[in-house]
Amino acid sequence: MLTGTTTGSSKGVKSNGFTVAPGESLTFSAYVKTASASAYLALTDGSTTKNTYISSGKGWTRYEVTYTNSGSSSKTVTAQFLVGSSGTVYMDCAQLERTVTASRYNLLTNGDFRYGLFGWIRDSGSASDETVSSSSPTS
């Protein structure tokens, strides 16, 4: 489980890049709990971003966002989890799959963060902006 606490906004983590052929889709999903901050799940190719906004005060819920490459050439796409405002959010069971809806198949390495941030890259933040926890928050 990833615990994200920040005093700013748009800080979080992103995956390594995945190649998406023309007409192909990726769906990024995760279970998210927003304690005192909002959050986003996003897929971006650097010029086009698809995201799902999650308002603060939400319990554990699976959210998803889908990106479809409508261009004529392949794109490199990253999955991002961003804290949208000051406060704390939690994410677990992150998944990425080559389809238009979420299922149980996962392309991501370390989607449950049991190995810290292995397979993920800090996005717009410093080392103190995100912490990784192996214990679940209270309901």
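Where in the chain is the place of Ser-103? Ser-103 is located in the loop between strand 9 and strand 10, strands being DSSP runs of E of at least two residues and helices DSSP runs of H or I of at least four residues, both numbered from the N terminus. The structure is a predicted model, in which local features need a pLDDT of at least 70 and side-chain atom pairs count only at pLDDT 80 or more, whereas totals for chains, interfaces and linings use all residues. Residues are numbered from 1 along each chain as its sequence is written, and side-chain values use heavy atoms, with hydrogens and water left out.

The protein chain contains eleven strands and zero helices, and its pattern along the sequence accordingly reads β-β-β-β-β-β-β-β-β-β-β. The average pLDDT, the predictor's confidence in each residue on a scale from 0 to 100, is 83 for the protein chain, and 83% of the residues score at least 70. Over residues 130-139 the pLDDT stays under 50, and for this segment the model has 24 contacts beyond four places in sequence, a contact being defined by heavy atoms within 4.5 Å. Of contacts in the protein chain between residues at least 6 apart in sequence, 73% join residues at least 24 apart.

Of the 139 residues of the protein chain, 45% count as buried, where buried denotes under 20% relative accessible area, exposed over 50%, and partly exposed the range in between (1.4 Å probe, protein chains only). The protein chain exposes about 6600 Å², of which carbon and sulfur atoms supply 47%; accessible areas come from the Shrake-Rupley method with a 1.4 Å probe, and for residues only the protein chains shown count as cover.

The largest nonpolar core comprises 28 residues, and those with the most contacts inside it are Phe-28, Val-32, Leu-41, Leu-43, Phe-81, Met-91 and Trp-120. At least two residues of this core are supplied by each of strand 3, strand 4, strand 5 (39-44), strand 7, strand 8 (75-83) and strand 9. A nonpolar core is here a set of buried Ala, Val, Leu, Ile, Met, Phe, Trp, Tyr and Cys residues joined through side-chain atoms within 4.5 Å.

Tyr-63, which belongs to strand 7, is buried at a relative accessible area of 15%. When neighbours within four places in sequence are left aside, the contacts of Tyr-63 are Phe-28, Ser-29, Ala-30, Val-32, Leu-41, Thr-52, Ile-54 and Lys-58.

Although Cys-93 is not a glycine, its phi is positive, at about 55°. Most residues other than glycine have a negative phi.

Two aromatic pairs are present in the structure, the criterion being that ring centres of Phe, Tyr and Trp (its six-membered ring) lie within 6.5 Å, with planes under 30 degrees apart counted as stacked, over 60 as edge-to-face and the rest as tilted. In one of these, the rings of Trp-60 and Tyr-90 have centres 6.4 Å apart and planes at 45°, so the pair is tilted. Because Trp-60 lies in the loop between strand 6 (49-54) and strand 7 (61-68) while Tyr-90 lies in strand 9, the pair ties together parts 30 residues apart in sequence. Trp-60 is partly exposed, at a relative accessible area of 36%, whereas Tyr-90 is buried, at 16%.

A search of the whole structure finds one salt bridge, defined as a side-chain nitrogen of Lys or Arg within 4 Å of a carboxyl oxygen of Asp or Glu. The side chains of Arg-98 and Glu-24 meet in this salt bridge at an N to O distance of 3.1 Å.
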